[in-house]
Each structure stands twice: as structure tokens, then as C-alpha cells.
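The sequence and the structure are shown first, and the account follows.

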Amino acid sequence: MVTMGVLFFVVGTPTSPELFGDYVLKHIDVGTFIRLLIMFSPNSKTTPLGLALLAMIGIGTVLGLVYAFLVRVRLPAQGARPGHREWGVALLLTLLMTLTGVLLFNDEVRQNHYGLPVLWATIATDLAFLLDFAVYGVALCLLYRLLLPKQATENEEEGVRRRRQALSRVGVAALGLVSAGGAAGLLRGYLNEYAAYDGVKTVSNGEKTVPITPNDGHYVVTQNTVDPNPNINLWRLEVNGLVKRGGTYTYDEVQRLPSTSRAITLECIANGPGGHLMGTAVWQGVTFKTLLEQHGGAQPEATHVAFYSVDGYTVSLPLKEVLEADALLAWRMNGVEVPQKHGYPMRVLIPGRYGEENPKWLTRVELTNHFVGGLYSDQGWYNGPLHMTSRIDYPRGSVAAGASVEVGGIAYGGDKDVQRVEVSVDDGQTWNDATLTTRLSKDAWVFWTWQWRPQRAGRYTLVCRMTNGVGEVQTGKIQGTVPKGSTGYHKVTIEVK
Ligand SMILES: Nc1nc2c(c(=O)[nH]1)N[C@H]1C(S)=C(S)[C@@H](COP(=O)(O)O)O[C@H]1N2
Ligand SMILES: [Mo]
């Protein structure tokens, strides 16, 4: 554990419990995922990781017994030095454990806390397995021998022998305690960086939403317990696969690519009607199309593009759609470098797709002739165009009869723009056209208002719905979040007095 922790902090290699967690998450379906999420809530990340850590200690212990069985040292042992057989078994264990890690987590190892590119991250993680398990093997071999009852050497008094034996056992116990302390310290250091902000909603005071969400008020969702913290000297953007010419960029080189800015709204698939897991920023970067042109374009067989992130997250989409949506690879968010939790140094924006398909901490763009799996697509989450949504932000509570009240909110239809918003005060029986106010881009939410003058006192159910730029009307059919993303209207009850 100490080796694993030190390697995480020094080299940025992921720990075995994290890799195990990533592996499991890709091999369960959405239903199981949600059940586990609820079962371990509110510590849905740390509890399972803690359990995985305990399981790791358990496996280490069981392998220790296997080791003892295989080396079969005849007791009392002769001397404190392990023999050939012990070294051999320890080496075998080390190699078998490393091989298991490398093969089992083959799909998870390409991640790195400090943002190493895919190949280097893979090599670093695989070497980390070797080092972790070599330390385990050597410790097992040496300490086991120290613990064994020893034969008395020639002209050694029995009292001296016993004292020596007791001393070595105390020594091993002390080393165990020091390691446990070290591991606890490292664990605390790890949890210091815990991404507690996961699931934080876009700021709103229940009232008016601001058109451009400030960076520190933008909602955040992350798969990670600890988010990556890329080191700009190590990080690279790679473009490869079925392009005419592959290439690699440093952060400086990326920033010299031709860039554009656009307001783009991000919405998490878990954002229900009226939800605030949605925010808008002006993103600046190179369009996917331009980047591809820099590399001579796609080879004719290319059908998909896969985006790889330094946290091991992967998103794969049809090439045609990524081009049509005019995807952006951004390194600036609202005029400053992309903040760490939003994907520093570079993230992808795919207008019209849910947040899960907008990878943060990008490191590789690869053109392929097939769909490449990823965390959420493997679980079976919907990965098509996002559903239209509209929200009533105000008023709330009660209003006075006979007075004019402004009703307002937002509407968002992915990359298909918003051409109309309607409001109903009778739970959807009759509709009134709202006025569209602020419109930022076809890929962002629009703001709308409508003047209401309720005459009679009573309870009113206000509802809104939108129509997108191609004439499709938002559906009122209620559908839950899992696994396709929710649909249905946002409703607000107002008391007119
Ligand atoms: N590399 C990476 N990209 C990621 C995620 C992640 O965990 N890792 N989470 C996704 C999800 S589910 C959402 S909703 C958006 C959230 O982006 P934001 O935190 O910048 O608002 O990022 C997406 N991109
Ligand atoms: Mo999300």
C-alpha cells in the first residue's frame, strides 16, 4: 500500500483499488450501477474503494499463506536468510500478480493523475504493478524468514537465541506498524484531493439564471474519486488512427491552432425536468473539423472518432455526427484556461449530446473504423441526441390577483436551436407564446419571458415547452433518467391570492 501510494503521488499512476473500481464499473449495466450508487450513498465512491482496499489486503494475506505453503521451510529454520526456493516462489508470485494486473486491467491502465499521454501512462501503470508486487514479494520473503523459529547456532546460548528471535519479531511488527501509519498518511493525502464537488449544480438563487454561467458556478460531474491534475510539461494532445497524418502537440502548440469561441450549454443526462445540472460557458478552442484538416483529413475507412482522457474515460462517436455538430476541442472556458475540474488543459464539446459525451482532460483523438467502448456506453446509457428541455425559473410561491407577473426561464434543445417557447397556466390545456430574449448561439440555452395577469385567486399549474429549430416540439411524456435521459415538462404550482 505504501508503494502504491507513493507511486500515485510521485508518478501519478492509479492505485489498484481505483483500477479495480474502473474495471467493475465498465462491466455492470446501468441498473446495477444505479443500485450500487444508492446502496453506498452518500459515500458512493469512497466506500466501495475502501472495500476494494480491504479486499486487496485480504488477497495479500491469502497469498502469504500460499507462499508459506509453497516454500515449506523446515522448522526450526536455519538462519535468517531466505533460501533459493523462497526467493523463487516470491519471484513467481510477483510475476503472476503483475501479469494478472497487466492483463485484467488492460483497458484501465492508460490513465495518469499527472496527465501522461496514453502510451506512457500504460507503461507507467504496468511498471507500477511490477514495483508494487516486487515490494510485496521481497517483504514477504524477508519478513517471513525473520518470523520463523530458528535453530540455535553453534555455541549460542538458548537465552540469547530466544532474545534474538523475540527481537526480530518485534522488528517485523514495528515495520508493519510504520507501514500502516505511512499508508494511512498517504490515504489521508489522497482523500485531501477528493472530488467532493461531484454532482454540484449550477448556481441559481431560485430566480433568474445568468446567460453565461461563471466558471466556479458551473455544475460538475466526474467519475473520479480524485480528479486528474495534469502537468503541462508531461501532457500532450495526440491525433492518430485513421487520419492522413498523425501528430502530437504540446500545450503551447495546441494554443497556436486556429481557434474560435462559442457559447455551448452542457447538460448531464441525470438532469431531470427543472434541474440545474446544466450550465453554459463560452468555450474557445479548435473545431474538430479544423484539427482534422491540419492532419490531412480522415482516411476513407474512418467511421468513428474516439476521445481518450487522462483519467481513462473514453468517448466514441460517429465521425459524421462529430463533424455535423461542429465539435470543439477547447482550452479556454469563459476567457480563462479550463479549470481543473472542468477538464484542464483541454476538453471536448459535442453540442447536442449529453454531458457524458463531452470528455474532459482530453489527451488523444483517434479515428477508427469501429465504435470504441467507454464507461457509460458500456453500461448501456443512451448515447444519442439529447432530449429538449425547458424550465420555469420564476415566479415561485404566490402572486397577487389582477397584477401583471413576469414568468421566465430557459429552454435548451441541444445543437438544434430553439425557435419557440410556450407557457401554460392550466397544466397544459392551453398554451401562450413566450418571448425569446437572450439567445447566445444555436448550441446554447435561450431565455424566455411571458407576461401573465391572473384574474382569479386559486392554484395554477404553470407548464412550459419548447420547439427546436427544425420544428420538433418537446414531448410531455414522462420518462425517468435511467437509462435514456428524462423527458416531460417542468411544472410549477403558483398560488394566486
Ligand atoms: N474525462 C472525463 N470526462 C467527463 C466525465 C468524467 O468523469 N471524465 N464526466 C462526464 C459527465 S457525466 C458530464 S455530465 C460532464 C460534466 O462536465 P462539467 O463537470 O465540466 O460540467 O463531463 C463529462 N466528461
Ligand atoms: Mo453526466
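## Annotated regions

UniProt, in an unreviewed entry, places the feature "transmembrane region" at residues 49-75, 87-106, 118-146 and 166-187. UniProt positions follow the numbering used here, feature names are shortened, and annotations may be inferred rather than shown by experiment. The model is predicted: local features need pLDDT of at least 70 and side-chain atom pairs count only at pLDDT 80 or more, while totals for chains, interfaces and linings use all residues. Residues are numbered from 1 along each chain as its sequence is written, chains are lettered from A and ligands numbered from 1 in the order in which they are written, and side-chain values use heavy atoms, with hydrogens and water left out.

Residues 118-146 are 100% helix and 0% strand, with end C-alpha atoms 42 Å apart. The span 166-187 is likewise 100% helix and 0% strand, and its end C-alpha atoms lie 31 Å apart. Helices (H or I, at least four residues) and strands (E, at least two) are DSSP runs, numbered from the N terminus. The unreviewed UniProt entry also carries the annotation "domain: Oxidoreductase molybdopterin-binding" for residues 230-370. That span is 13% helix and 39% strand, and 29 Å separates its end C-alpha atoms.

## The chain as a whole

The chain contains 11 helices and 19 strands, and its C-alpha atoms fill a box of roughly 110 × 60 × 35 Å along the principal axes. Of its 497 residues, 49% count as buried, meaning under 20% relative accessible area, with exposed over 50% and partly exposed in between (1.4 Å probe, protein chains only). Among contacts (heavy atoms within 4.5 Å) between residues at least 6 apart in sequence, 74% join residues at least 24 apart.

## Helix H1

Helix H1 spans residues 2-11, where Thr3, Met4, Gly5, Leu7 and Phe8 are buried. The buried residues of H1 pack against helices H2 (16-26), H4 (46-71), H6 (118-147) and H7 (158-192). Gly12 follows H1 and has a positive phi, near 85°.

## Surroundings of ligand 1

Ligand 1 is surrounded by 20 residues, the closest being Tyr219, Gln223, Asp311, His342 and Lys360; a residue is near when one of its heavy atoms lies within 4 Å. A nitrogen atom of the ligand lies 2.8 Å from an N or O atom in the side chain of Asp311. Oxygen atoms of ligand 1 lie 2.7 Å from an N or O atom in the side chain of His342 and 2.6 Å from one in the side chain of Lys360. The protein covers 99% of the 540 Å² of accessible area that ligand 1 has on its own, by the Shrake-Rupley method with a 1.4 Å probe.

Asp417 lies in the loop between strand S13 (405-412) and strand S14 (418-424), and is buried with a relative accessible area of 16%. Asp417 touches Arg439, Lys442, Met466, Asn468 and Gly469, not counting residues up to four places away in sequence. The side chains of Asp417 and Arg439 make a polar contact at 2.5 Å, that is, a pair of N or O atoms within 3.5 Å; within protein, one must be able to donate a hydrogen and the other to accept it, and residues adjacent in sequence count only if both atoms are side-chain atoms.

Arg465 is found in strand S18 (residues 458-468) and is buried, at 18% relative accessible area. Beyond four places in sequence, the residues that Arg465 touches include Arg420, Glu422, Trp431 and Tyr489.
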